[in-house]
Structure formats: structure tokens, C-alpha cells
Amino acid sequence: MKVRVSVQLKPGILDPQGKAVEQGLHGFGFAVEHVRIGRLIELEVPGTDAADVKARAQAMCDKLLVNPVMEKASIEVL
Amino acid sequence: MRVAVPVFPGSNCDHDALHACGTVIGWDTIPVWHQETRLPEGTDLVFIPGGFSYGDYLRCGAIAALAPIMADVKRHADNGGLVLGVCNGFQILCEAQLLPGALLRNASLRFIHADVHLRVERADLPFTAAMKAGDVFRVPIAHAEGNFTLEPADLADLEARGGVAFRYCSPQGEIGEAFVPNGAMNGIAGIVNVRGNVLGMMPHPERVVDPRLGATGGMGIFRSLATALAPRSYE
């Protein structure tokens with residue numbers, strides 16, 4: 001099954017990249033705030049049971065895909 | 001005294017480490033390819049060098065932390081063996097959970113290469129015993145992700161247990177935001193684990209030990225290591 005893992009910096013963590021993009025958008029005259037940049041990871045996980053696939057994707061996040069010091073993830077089984 | 005220098009694809013300060021430990025100081029220094037599963041017999045110090053291991057893919061140090069050699073580095077650390085991680089080596093130690101915290105993009109968003117001053121916060125470590133608390137030394141930094149970050153509660157714990165080894169400071173040793181090049185919390189440049197045998201730092205002491213290159217600010221750390229490990233050499 002296809003799985004989409006969205007990795008975002010935690011709310012309290014400074015995101016200088018997001019800040020720079022926000023300033024860039026301000027430069028074009030867009031009214032925008034709180035721009036945060038994350039990472040989207042797509043996976044193909046064998047199996048048909050969505051709950052089981054999601055649990056395995058969660059294990060992948062815990063092991064490697066996410067650094068819990070600074071990031072959090074949301075997992076979507078498609 | 002035997003030093004092992006793990007080499008990952010994308011390491012680019014491994015030769016600085018080999019030159020400092022091997023050529024300048026004269027320790028038995030051995031490069032170890034990341035696919036190896038064992039450190040050389042009798043390794044006293046593991047020096048994880050700087051660079052861009054695995055192209056900084058996913059997060060700096062995240063993939064290197066899973067390399068086969070790292071299991072033996074963990075075993076070495078668990079047995080009380082010394083581990084020094086510099087720059088990307090620090091990032092790898094954090095990702096391998098041998099040290100707490102994470103190194104985020106510099107607050108300025110820029111890669112910074114500059115000389116900085118560090119203040120010794122702990123002088124009772126194998127890495128610092130030849131220095132005194134409050135001593136200031138000058139070393140170069142060269143990184144884009146050196147912005148040390150921890151959850152507030154964990155940061156308080158780290159400070160309370162004296163986990164900070166080095167802090168960025170002025171040439172006179174004053175502490176303050178103005179002297180922190182990368183946004184690191186509390187101006188933290190280097191930390192140690194609870195046991196005090198694993199040290200990670202962003203600045204490069206190994207680049208300033210050869211007098212022919214014009215500066216020897218990093219020598220205090222290597223002199224400390226020589227003292228700490230001397231008894232073992234004569235066993």
C-alpha cells in the first residue's frame with residue numbers, strides 16, 4: 001500500500017528556511033505568515049491491512065524517518 | 001594510544017583527523033571504512049570526523065548513524081571507550097543517540113566558516129583535563145547545521161548535569177548571544193554524555209594542532225587525551 005509520511009518541525013522549533021521563504025513571499029507582496037517547511041516521504045509498503053501498514057510506517061518513523069527532538073510526523077495510508 | 005577514524009561516503013575531514021592524530025601527534029591512527037563491523041583491536045579513541053556523510057540526506061548524520069561500524073562504536077562507548085565527534089561527527093553522535101539533542105540549520109541560514117572562541121565549561125573530562133574551567137581557546141568552525149537544539153526540559157537537564165563541555169564566547173571569555181555564530185541554544189558548542197566519555201563539538205580542534213599551519217588552539221584537547229590515555233599505553 002502507498003503511504004505518505006509528512007514530517008514537520010515541531011511548533012517550538014525555529015525554521016529559518018520557512019522564515020526565508022516567508023520573507024520572499026512578502027517581497028512579492030503576499031500577505032502570509034507562519035510559513036513552515038517540512039518533508040514529504042512516500043513509501044510503498046507490502047500488505048493489505050491499513051492499520052498494520054500504518055503501524056509499520058510508524059515504526060519506520062521511530063527508527064529513522066523522524067528525529068523526535070525536532071520533528072513530528074503524520075502518516076496517511078492511501 | 002590507538003585512534004580509529006571511521007570514514008563514511010562524504011566524510012571530508014577524515015584526513016584532517018588522521019593528520020592531527022597520526023602525523024602531528026604521532027598516535028597509531030587507523031582509518032576504518034564505514035562497512036567494517038569491528039574497530040581495530042585495542043582502539044582507545046574513536047574520532048568521528050566532519051564532512052557530509054551520505055550527502056546529508058534525510059538529516060545530517062542520520063544515515064551514517066546506521067552504518068555497520070556504528071554498532072561497534074556504540075559498544076566501545078558502552079564499555080567506557082572514548083569517542084570524539086567533530087562537526088558532522090557531532091551530528092552523527094546525536095543521530096545515533098550517543099548524545100542528546102539535534103543540530104539544526106544555522107539561524108542565519110548560511111554556511112559559516114570562521115574562527116571562534118570557546119570557553120571550557122568542564123575541565124574534568126578526558127578531553128579537557130589538561131585545561132582549566134574558564135580557559136578560552138580559538139578554533140575554526142565550518143558548518144551549515146550547528147544550531148544545537150534540545151527540548152527546554154532536556155536542555156535544563158543537560159545544563160544541570162554539567163553536560164556542556166564548551167560554549168562559544170568572546171576572546172575574553174564572555175558569554176552572550178553576540179558570540180554565538182549559529183543560534184545554538186545557550187551558546188553550546190560541545191557536549192558530553194552522562195558518563196563523560198563521548199564528546200561532540202561543532203568546531204574543529206584537529207585543524208589547529210599543526211604549528212606549520214599557523215595556529216595550535218585545538219592542542220588542549222589532544223594534550224588532555226594524551227594524558228587521559230597515557231596509563232593505558234604503558235599497561
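Predicted model: local features only at pLDDT ≥ 70, side-chain atom pairs only at ≥ 80, totals over all residues.

User: Why is helix H3 (residues 88–95) of chain B called largely enclosed?

Analyst: A residue counts as buried if 20 or more other C-beta atoms lie within 10 Å of its own. Eight of the eight residues of H3(B) are buried, so the rest of the structure largely encloses this helix. The buried ones include B:Phe90, B:Ile92 and B:Leu93, but also B:Asn88 and B:Glu95.

User: What do the buried residues of H3(B) pack against?

Analyst: Four strands of chain B: S3 (45–48), S4 (82–86), S5 (102–104) and S11 (198–201). Just after the helix, B:Gln97 has a positive phi of about 60°.

User: Which residues touch the most other members of the largest nonpolar core?

Analyst: B:Phe47, B:Val83, B:Leu93 and B:Ala165, in a core of 77 residues. Take B:Val83: leaving aside neighbours within four places in sequence, its contacts include B:Val46, B:Ile48, B:Leu93 and B:Val198. To count as a contact, two C-beta atoms must lie within 7 Å. Apart from that core there's another, of five residues, among them A:Val3, A:Ala57, A:Cys61 and A:Leu65.

User: Over in chain A, why are S2 (39–44) and S3 (71–77) called edge strands?

Analyst: Three strands make an open antiparallel sheet in the order S2-S1-S3. S2(A) and S3(A) each have a single partner strand, so one side of each has no neighbour in the sheet. On average, neighbouring strands are turned by 20° against each other, ignoring direction.

User: How do you know that strand S1 (residues 2–9) of chain A and S2(A) pair?

Analyst: Pairing needs at least two bridges. S1(A) and S2(A) have six, in the antiparallel sense, so they qualify as a pair. Within that pairing, A:Val5 sits opposite A:Ile41. Helix H2 (residues 50–65) of chain A packs on the sheet and touches S1, S2 and S3, its direction making about 155° with that of S3(A).

User: Where in chain A is confidence lowest, and where is it highest?

Analyst: Lowest in H1(A), with a mean of 92, and highest in S2(A), at 97. The chain A average is a pLDDT of 94, and 100% of its residues score at least 70.

Note on methods. Residues numbered from 1 in each chain as written. Chains lettered and ligands numbered in written order. Buried ≥ 20, exposed ≤ 12 C-beta atoms within 10 Å, placed from the backbone. Helix = DSSP H or I, 4+ residues; strand = E, 2+ residues; numbered from the N terminus. Axes fitted to C-alpha atoms, helices over the stretch in contact; angles between N-to-C directions. pLDDT = per-residue confidence, 0-100. Core = buried A, V, L, I, M, F, W, Y, C linked by C-beta atoms within 7 Å.
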